[in-house]
Every structure is written in C-alpha cells, then in structure tokens.
Amino acid sequence: FSLPVVADRRAGPTQAIDAAMAAEETLQATVDALKAQVEKNEKAMDTFYLLFAASLVFLMQAGFALLAAGSIRMKSVKNILLKSVMDACAGGIIWYLFGFGVAFHQGEGGNGFIGTSGFNYALSGVDDTSGASYGAEWAFFFFQYAFAAAAATITSGAVAERCTLTGYLAYVMLIVGLLYPVVVHWVWDPNGFLSAFNPEPPGPFKKLPGMIDFAGSGVVHLTGGVCAFMGALTIRPRLGRFVGDETLFAGQSSSLQVLGTFLLWFGWYGFNPGSTLAITPAGYARDAARAAVTTTLAAASGATTGLLLKRGLPSQLGGVPMWDLAATCNSLLGGLVSITAGCSTVDVWASIVIGLVGAIVYHVASCTMRKLKIDDP
C-alpha cells in the first residue's frame, strides 16, 4: 500500500512546476499585452499632442489678422482681414498640392535642395486604412501647414493698404508652394544640405555640423520676413506716408493691436514647445517645458526692453517722449522670434538676454526702414 503514496509524492512537485510555468506564461502574455497597449497609447498621445500644438499655431492666424487690422487705417481693415482669411485658405490648398511635397522627401533617393518623391504631393502616399496608423502623418501635415500659413501671413502686414488681393494671393501661392518649403527642406528634412540630420551633406557642406533651428527663427520667420521686406520694398510706400504729418497713418485700434499680440504670444506655445513633434519619448516633455519657459521670458524681456528703449532714447535715435504701446508689442514679438531657434536648449537667463537683443534689433531695423522710406505698417 506504500507505492501509490510514493507516486503521489513524486507527482506533487511536477504539478507545481507545471502550474508555475503556466502562470509564468500567462503573466508574460499579460505583460506583453500591457506593453503593446502602452505603445498604442503613447502613439495616440503623441498624435493628440501634435494636433493640439498645431491648433495653437493655427490660432496665430487670428493674432496676425487682429494685429494688422489694428495697425492700419480704418478704410483698409476689411481688405487686410480678407487677405488674412485667404492666407489660410489658398495657402492650405497650395500646401496640400505642392508645398508639403517640396518640403519633405519620403523614401530613398532624396536630394539636398528640394523634395522629389511623390509621397507627400497631395498626400498621395498616406494610407491610414491598414489599422496600424495612429494619425501621425495627418497630424504632421497639419502642424507643418500651420507653420507655412504663419510664414505667408507675415507678408500681409508689410504690404497693407497698397496691394491688390489678386497680386497678394499670387505672392502667397509662390511663398507657400515654393519659397518657404524649399527652405524647410534645406534645414528640417534629413536630406537637406543644411540639415543637422543629414549624415552625408553634399559638396562643401560635408565639413559643417548642420543647422539647428528648433522651431523656425530662420526657417519660418526669417523667410517670411525677407518675403515681407521685398514686398514692401517693391510696392513702395503709401501716398504721403513720409511727407507731412505721420500721425495720419497711425493704427486705428490699440485694442486690436494688443489682442493680436497676446493671441500671437499664446500661439507661440504651440510653435515652440510643439516643435518636439511628440511628448512621450524620453526627454521630449522636458524640452517642451523648457521651451515654454524660455519663450515666456524672452517675450517679457523683449517687451520691457522695447518700452524703455523707445521712451529713453533721444528722437535722433528713434525715441519718443511718451510710452509707446505699438513699439512695446512689436518688441515683444521680436523677442519671441529671437528665442524660437534655441528655445529648447538655451539657459533660462540666456532667454532674457536673447529677448533683449531681439528688441534692440527690432528697434534698429524699424528706424533704418523709416530712414530708407520703406513702408511697413
């Protein structure tokens, strides 16, 4: 009668081992499922983050419209607002058809000057029907479109009150369809000859480390600014602008100027922190948070410096004997433009210095344009 007892004793440890192995397999399957779910959630979260940032950047269109409307005479307000609306509308169609493909090459065989693959032209290569897509391609297109619209609308204020709608729309199409996306490709596409992400830049650029412009001080604002400057230079001043009483050309609404400035500042929190393009990878949340702080301090520093400069300098150097609201708002925007390239990397104290320098550069440029009789309302 002892043999069955011995068999039962031998079977006990074996069953325990089998049960433990089964439990381990079940646990591993649960862990794998949780990892897969976390990965899906991270992808969805990154898509939502980029969509939210792009929405903030798109809101800058309202800021540009209000700032421009407040900076010109009443008789031209409706015209400038129509141009602001068409910036977003016509610019969106052109960016979809051509601009996005020119800016970003997809796949092998890219060149350093311009995007050539058909993947991004009219979004012809994007497919979200496989079940594995989390909308990242759509979100990236929307984000980059908001940037392109911002670059184009910079021009509207510079040529205000003296450019026909037809001529302006032709200029916008040229900017959004070719000029701006080519610069984007140079710097932000991994194939661009100036890109820091290009492992093999062509010709004389091989020895250079590549250009890092985190959120677009040069790519967006300098490109848009040069286009605006050339437009103002070509069209020439408004009749009587630099003859007689300059107060006749003063902006018609300080309220709109301030509201537009605050909307632009608010949109910059999508512009700069959002340029991480994601939030879940290691270090991205830290960089976005740093960008928000440096953006805030650069704007504050720029506005304060501009206010004191305009009030404290003699008239020969562009000063006025009063506190100037318009100069303060424009200096604030100068600080924001200045911090955009390095917002994720500079020390906090440096952002204050950058905003200060940006305000000084704005003041010098504004005085120089007045002396050269280049009319930029």
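Analyst: Helices here are DSSP runs of H or I with at least four residues, strands are runs of E with at least two, and both are numbered from the N terminus. This is a predicted model, in which local features need pLDDT of at least 70 and side-chain atom pairs count only at pLDDT 80 or more, whereas totals for chains, interfaces and linings use all residues. Residues are numbered from 1 along each chain as its sequence is written, and side-chain values use heavy atoms, with hydrogens and water left out.

The buried residues of α5 (under 20% relative accessible area, with exposed meaning over 50% and partly exposed in between, for a 1.4 Å probe and protein chains only) are Ser-217, Gly-218, Val-219, Val-220, His-221, Thr-223, Gly-224, Cys-227, Ala-228, Gly-231 and Ala-232. These buried residues pack against four helices, namely α3, α4 (165-188), α6 (254-271) and α8 (325-339), where contact means heavy atoms within 4.5 Å. Directly after α5 comes Arg-236, with a positive phi of about 75°.

Two of those partners, α3 and α4, also pack on each other, at an angle of about 130° and with their axes 9 Å apart. Axes are lines fitted to C-alpha atoms, for helices over the stretch in contact, and angles run from 0 to 180 degrees between N-to-C directions. The arrangement of α3 and α4 is therefore oblique (under 35 degrees is roughly parallel, over 145 roughly antiparallel, 65 to 115 roughly perpendicular, and the rest oblique). On the α3 side the contact is made by Gln-144, Phe-147, Ala-148, Ala-151, Ala-152, Thr-153, Thr-155 and Ser-156, and on the α4 side by Tyr-168, Tyr-171, Val-172, Ile-175, Val-176, Tyr-180 and Trp-188. By class, this contact of α3 with α4 holds 11 nonpolar, four polar and no charged residues (Ala, Val, Leu, Ile, Met, Phe, Trp, Tyr, Cys and Pro are nonpolar, Asp, Glu, Lys and Arg charged, and the others, Gly among them, polar).

Helix α3 (residues 136-158) has a further neighbour in α2 (residues 77-103), the two packing at about 135° with their axes 9 Å apart. That angle makes α2 oblique to α3. From α2 the contact takes in Ile-80, Asp-87, Ala-88, Gly-91, Gly-92, Trp-95, Tyr-96 and Phe-100, which meet Phe-140, Phe-141, Gln-144, Tyr-145, Ala-148, Ala-152, Thr-153 and Ser-156 of α3. The residues of the α2 and α3 contact comprise 10 nonpolar, five polar and one charged.

The loop between α3 and α4 can be followed through two of its residues. Glu-161 lies in this loop and, although not a glycine, has a positive phi near 75°; with 19% relative accessibility, Glu-161 counts as buried. Thr-164 belongs to the loop between α3 and α4 as well but is exposed, with a relative accessible area of 55%.

Within α4 itself, His-185 is buried, at 0% relative accessibility. Apart from neighbours within four places in sequence, His-185 contacts Val-102, Ala-103, Phe-104, His-105, Asn-111, Gly-112, Phe-113, Ile-114, Gly-115, Asn-191 and Gly-192.

Turning to α8, another partner of the buried residues of α5, its axis comes within 7 Å of that of α9 (residues 348-371), and the axes cross at roughly 125°. The two helices are therefore oblique to each other. Ala-327, Asn-330, Ser-331, Gly-334, Gly-335, Ser-338 and Ile-339 of α8 meet Ser-351, Ile-354, Gly-355, Gly-358, Ala-359 and Tyr-362 of α9, a contact with five nonpolar, eight polar and no charged residues.

The 24 residues of α9 should span 34 Å at 1.5 Å a residue, which agrees with end C-alpha atoms 35 Å apart. Its buried residues are Ala-350, Ser-351, Gly-355, Gly-358, Ala-359, His-363, Ser-366 and Met-369, and they pack against α5, α7 (284-312) and α8. In the segment after α9 lies Lys-373, a residue other than glycine whose phi is positive, near 60°.

Terms used: The expected span of a helix is 1.5 Å times one less than its number of residues.
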